Amino acid sequence: MKLYTFFRSSASYRVRIALNLKELAYEQIPIHLRRGGGEQFAASYKAVNPQALVPALDDGGQILTQSLAIIEYLEERYPKPPLLPSDPAERAQVRSMALIIACEIHPIQNLRVLTHLKNHLRQSDDDLNLWARHWIDLGLSALEQIAVSLPKRGKFCFGDLPTLADICLVPQLANARRFGCDLSAYPALLQIKTACNALPAFANAAPEKQPDAE
Ligand SMILES: N[C@@H](CCC(=O)N[C@@H](CS)C(=O)NCC(=O)O)C(=O)O
């Protein structure tokens with residue numbers, strides 16, 4: 001398998017964690033999101049992903065994009081260990097936590113949104129950070145509340161096994177730190193992050209551990 005990835009990309013980070021949890025070997029093809037205006041915009045990469053976003057996964061010539069679609073594909077194709085509970089309502093709960101991050105937080109603080117705010121709407125770097133922190137804090141506050149009130153509370157977001165929710169949470173917390181959010185407001189999420197990072201699958205997927213890390 002080949003993963004088109006960027007070390008700091010949180011969506012790529014999600015897929016790296018999932019591949020590691022499932023102990024699937026993969027080769028990384030780094031796509032630098034800033035160098036030369038962004039390698040994601042090269043015609044050669046847009047042939048892989050017309051959206052010009054990472055990650056993309058090539059599994060034997062089958063190209064997949066969108067991190068959650070990739071992870072659901074891995075879950076169906078390589079079911080062990082499972083990244084979702086077996087009960088339908090519990091699966092929905094885990095997906096809901098993942099989607100708070102993947103649909104409601106991450107897209108609004110993504111590089112291309114911030115670039116647009118800066119270049120076309122003339123916002124300052126300080127304004128960009130305020131913007132990102134606002135949306136991250138809104139989503140993380142809800143997640144903190146959900147995490148503490150879940151009947152299935154355990155070491156991870158949902159019970160005592162890592163799931164899709166943890167796979168989304170840990171990269172989002174790394175983003176939050178980069179934007180200067182005060183993470184002390186989220187003690188339950190920080191505990192979950194510590195439990196996740198104790199697992200090699202999470203620790204080895206961290207941005208600073210990647211071959212393209214700067
Ligand atoms: N919803 C997509 C988001 C992908 C995405 O936004 N990737 C970012 C990096 S985390 C990217 O490639 N950004 C390039 C840009 O904004 O130009 C997914 O989950 O895969």
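The shell around the ligand is made up of seven nonpolar, seven polar and two charged residues; here Ala, Val, Leu, Ile, Met, Phe, Trp, Tyr, Cys and Pro count as nonpolar, Asp, Glu, Lys and Arg as charged, and the others, Gly among them, as polar. Please keep in mind that this is a predicted model, in which local features need pLDDT of at least 70 and side-chain atom pairs count only at pLDDT 80 or more, while totals for chains, interfaces and linings use all residues. Residues are numbered from 1 along each chain as its sequence is written, and side-chain values use heavy atoms, with hydrogens and water left out.

**Around the ligand**

- The ligand is surrounded by 16 residues, and the closest are Val 54, Gln 66, Ser 67, Asn 110 and Arg 112 (a residue is near if one of its heavy atoms lies within 4 Å of the molecule).
- Gln 66 places a polar side-chain atom 2.7 Å from a nitrogen atom of the ligand (a polar contact is a pair of N or O atoms within 3.5 Å; within protein, one must be able to donate a hydrogen and the other to accept it, and residues adjacent in sequence count only if both atoms are side-chain atoms).
- Arg 14 has a side-chain N or O atom 3.2 Å from an oxygen atom of the ligand.
- Arg 112 uses its backbone instead, with an N or O atom 2.8 Å from an oxygen atom of the ligand.
- On its own the ligand exposes 510 Å², and the protein buries 92% of that (areas by the Shrake-Rupley method with a 1.4 Å probe; for residues, only the protein chains shown count as cover).
- Helix H1 (10–21) and helix H5 (111–119) are the elements that give two or more residues to this shell, and H1 provides the largest share, three residues (helices are DSSP runs of H or I with at least four residues, strands are E runs of at least two, and both are numbered from the N terminus).

**The largest pocket**

- This pocket is where the ligand sits (more than half of its atoms lie within 2 Å of the pocket's grid points).
- On a 1 Å grid over the protein atoms alone, a pocket is an open set with protein on both sides within 12 Å along at least five of seven lines, a cavity is a set of points where a 1.4 Å probe fits but cannot get out, and lining residues have an atom within 4 Å of a point.
- The volume is about 1,100 Å³ (the space filled by probe spheres set on the points, which are joined across faces, edges and corners).
- Of its 40 lining residues, Leu 33, His 106, Asn 110, Leu 111 and Arg 112 are the closest to the centre.
- H5 gives the most to the lining, with seven residues.
- By class, the lining holds 18 nonpolar, 15 polar and seven charged residues.

**The second largest pocket**

- This pocket has a volume of about 230 Å³.
- It is lined by 16 residues, with Tyr 13, Ala 174, Asn 175, Pro 207 and Glu 208 closest to its centre.
- H1, H7 and helix H8 (187–197) each give two or more residues to the lining, and H7 contributes the largest share, seven residues.
- The lining comprises eight nonpolar, three polar and five charged residues.

**The cavity**

- Searching the whole structure turns up one cavity of 30 Å³ or more.
- Ile 71, Glu 72, Glu 75, Leu 83, Leu 84 and Leu 164 line the largest cavity, and H3 gives the most, with three residues.
- Four of the lining residues are nonpolar, none polar and two charged.
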